[in-house]
Amino acid sequence: MIDKLGQVMLYVNDQEEAKRFWTEAVGFQVVAEQATGGMRWVEVAPNSGAGTTLVLHNKEAVASMSPGLNLGTPSLMFYTDQLDQLHSRLSEQGITVGEIDDMPFGRVFNFADREENYFAVMEKKA
């Protein structure tokens, strides 16, 4: 049975720019990077022990290998225990961030990468 999300595939136009965004601006680290069979695999995560990683795939390369594949960005929700600090840090990096909203289940804000893909971050209520 499936018990957790292991990887999320992000299809990006510029792998190097996406890698810089996730590592330099957001603070993730590269956990794997290699080129195989004409494809470059770039895997990033919040830390080396993270249960879920992001794989940054070259959109054009994937489209040529799998023409029918939907290459739209999935909806991602990240969790944090330091929502205010993260919101400030991303804002200071010049990243487009939304306002912090109070929801019944926690506080949430959205942010966008440099390709205008949007992601959400939530601090769950205790």
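Where does UniProt place the feature "domain: VOC"? I looked it up: the record, an unreviewed entry, puts it at residues 4–124. UniProt positions here follow the numbering used in this entry, feature names are shortened, and annotations may be inferred rather than shown by experiment.

**Ground rules.** I am working with a predicted model, where local features need pLDDT of at least 70, side-chain atom pairs count only at pLDDT 80 or more, and totals for chains, interfaces and linings use all residues. Residues are numbered from 1 along each chain as its sequence is written, and side-chain values use heavy atoms, with hydrogens and water left out.

**The annotated stretch.** Over residues 4–124 I found 23% helix and 39% strand, with the end C-alpha atoms 18 Å apart. Helices (H or I, at least four residues) and strands (E, at least two) are DSSP runs, numbered from the N terminus.

**Helix H1.** I went to residues 15–25 next and noted the buried ones: Gln-15, Ala-18, Lys-19, Phe-21, Trp-22 and Ala-25. Buried means under 20% relative accessible area, exposed over 50%, and partly exposed in between (1.4 Å probe, protein chains only). Ala-25 counts as buried because its relative accessibility is 3%. Gln-15 makes the list too, because its value is 8%. The side chain of Gln-15 has a polar atom 2.9 Å from the backbone oxygen of Arg-40. For a polar contact I take a pair of N or O atoms within 3.5 Å; within protein, one must be able to donate a hydrogen and the other to accept it, and residues adjacent in sequence count only if both atoms are side-chain atoms.

At the N-terminal end, Asp-14 caps H1, with a side-chain oxygen 3.1 Å from the backbone nitrogen of Glu-16. Just after the helix, Gly-27 takes a positive phi of about 100°.

S7 (residues 106–112) is mostly covered, with 5 of its 7 residues buried. S6 (residues 101–103) runs antiparallel to S7, joined by 3 bridges; two strands pair if DSSP finds at least two bridges between them. Asp-101 stands opposite Val-108, and 2 residues separate the strands of this hairpin.

On to S8 (residues 118–124): it pairs with S7 in the antiparallel sense over 7 bridges, and Gly-106 stands opposite Lys-124. This hairpin has 5 residues between its strands, and Glu-116 in the turn has a positive phi of about 65°.

**Cavity.** I used a 1 Å grid over the protein atoms alone: a cavity is a set of points where a 1.4 Å probe fits but cannot get out, a pocket is an open set with protein on both sides within 12 Å along at least five of seven lines, and lining residues have an atom within 4 Å of a point.

**Pocket.** The largest pocket has a volume of about 560 Å³; grid points are joined across faces, edges and corners, and a volume is the space filled by probe spheres set on the points. Of its 26 lining residues, Phe-28, Pro-46, Phe-78, Tyr-79 and Thr-80 lie nearest the centre. Which element gives the most to this lining? I found that H3 does, with 4 residues.
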